[in-house]
Amino acid sequence: MSRDLNSEIKTEIEQNKIMVYIKGTPEFPRCGFSNAMVQVLNKIGKPFSSVDVLADPEKWQAVKAFSNWPTIPQIYVNGEFVGGCDITLEMHQKGELSPLIEKAFAAAPETK
Amino acid sequence: MAKVQGRIEAKVQAELTPIHLEVINESHMHNVPAGSESHFRLVIVTDRFRGKAALERHRAVHRILEQELAGEIHALALTTMTPEEWTAGGGKVPSSPPCLGGDQTAGGDTGSGIS
């Protein structure tokens with residue numbers, strides 16, 4: 001019995017307004033790039049869910065294929081792939097990330 | 001030496017004809033053996049990025065380095081700019097965050113790879 005990793009990822013990104021795939025946890029990131037992404041999200045202050053790919057190597061491989069993006073971290077907002085660490089920081093610096101997230105939460109306030 | 005670095009440089013140069021290109025080996029900041037070529041930061045300034053969103057620019061670089069990303073490269077930080085953006089920003093480049101030890105390429109995870 002093999003896992004349907006694509007379905008798992010789909011469910012995760014659809015059920016969470018902000019979903020991140022990182023190394024470590026938001027409390028204890030184990031990579032500077034993952035940490036940087038988490039810090040930006042903490043600053044914005046909306047709840048987000050995360051998967052620690054170090055604890056789930058199968059999902060690590062699957063999420064890379066899913067988004068066709070070779071590196072971790074990855075962030076999805078409202079079910080859509082937004083980018084990796086550099087793009088997240090860049091968008092935040094340009095003031096583009098908050099509006100995107102606000103919009104996602106405004107669209108369906110009942111979900112988290 | 002610097003085999004991978006040279007290959008990255010040559011490929012990006014050929015495909016994107018940048019007016020400015022930096023290929024910085026940041027592996028020493030991480031928990032990998034000395035002389036490793038696993039963690040890179042690229043600064044690419046080219047007019048080929050004009051009219052393209054960041055996601056597209058990064059994907060273009062990923063495509064060019066597909067082989068390396070499937071092999072030697074474990075981390076790739078990208079700064080992708082048009083000549084106009086580069087000039088407007090005064091040629092500033094973001095710095096990479098310190099490693100927090102989660103990279104297991106060296107088989108260890110003992111933490112601080114940076115001094």
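**A loop lysine and what lies beyond**

Reply: Let's start with A:Lys17, which sits in the loop between α1 (5–15) and β1 (18–22) of chain A. Helices (H or I, at least four residues) and strands (E, at least two) are DSSP runs, numbered from the N terminus. Please keep in mind that this is a predicted model, in which local features need pLDDT of at least 70 and side-chain atom pairs count only at pLDDT 80 or more, while totals for chains, interfaces and linings use all residues. Residues are numbered from 1 along each chain as its sequence is written, chains are lettered from A and ligands numbered from 1 in the order in which they are written, and side-chain values use heavy atoms, with hydrogens and water left out.

Is this lysine buried or exposed? A:Lys17 has a relative accessible area of 9%, so it counts as buried (buried is under 20%, exposed over 50%, partly exposed in between, with a 1.4 Å probe and protein chains only). A polar atom of its side chain lies 3.4 Å from the backbone oxygen of A:Ala104. That is a polar contact: a pair of N or O atoms within 3.5 Å, where within protein one must be able to donate a hydrogen and the other to accept it, and residues adjacent in sequence count only if both atoms are side-chain atoms.

Now follow the chain to its strands. β1(A) and β3(A) run antiparallel and are joined by four bridges (two strands pair if DSSP finds at least two bridges between them). Here A:Tyr21 stands opposite A:Gln74, a residue of strand β3 (residues 74–77). A:Gln74 is buried, with a relative accessible area of 0%, and its side chain reaches the backbone oxygen of A:Thr71 at 3.2 Å. Not counting residues up to four places away in sequence, A:Gln74 touches a set of residues including A:Met19, A:Tyr21, A:Trp69 and A:Phe81; contact means heavy atoms within 4.5 Å.

In a regular strand the side chains alternate between the two faces of the sheet. You can see this in β3(A): A:Gln74 and A:Tyr76 point one way, A:Ile75 and A:Val77 the other, and all are buried. β3(A) also pairs with β4 (residues 80–83) in the antiparallel sense over three bridges, and A:Val77 stands opposite A:Glu80. The two strands form a hairpin with two residues between them, and A:Asn78 in the turn has a positive phi of about 55°.

Finally, let's see how chain A meets its partner. In chain B, 22 residues are in contact with 19 residues of chain A. Together the chains bury about 1,700 Å², 59% of it on carbon and sulfur atoms; buried area is the accessible area (1.4 Å probe) that two parts lose on being put together, summed over both. On the chain B side, B:Leu55, B:Arg59 and B:Leu100 lose the most area, together 30% of what that side buries. The interface has four residue pairs in polar contact, both at pLDDT 80 or more. The largest share of the side of chain B that touches chain A, five residues, comes from α2(B).
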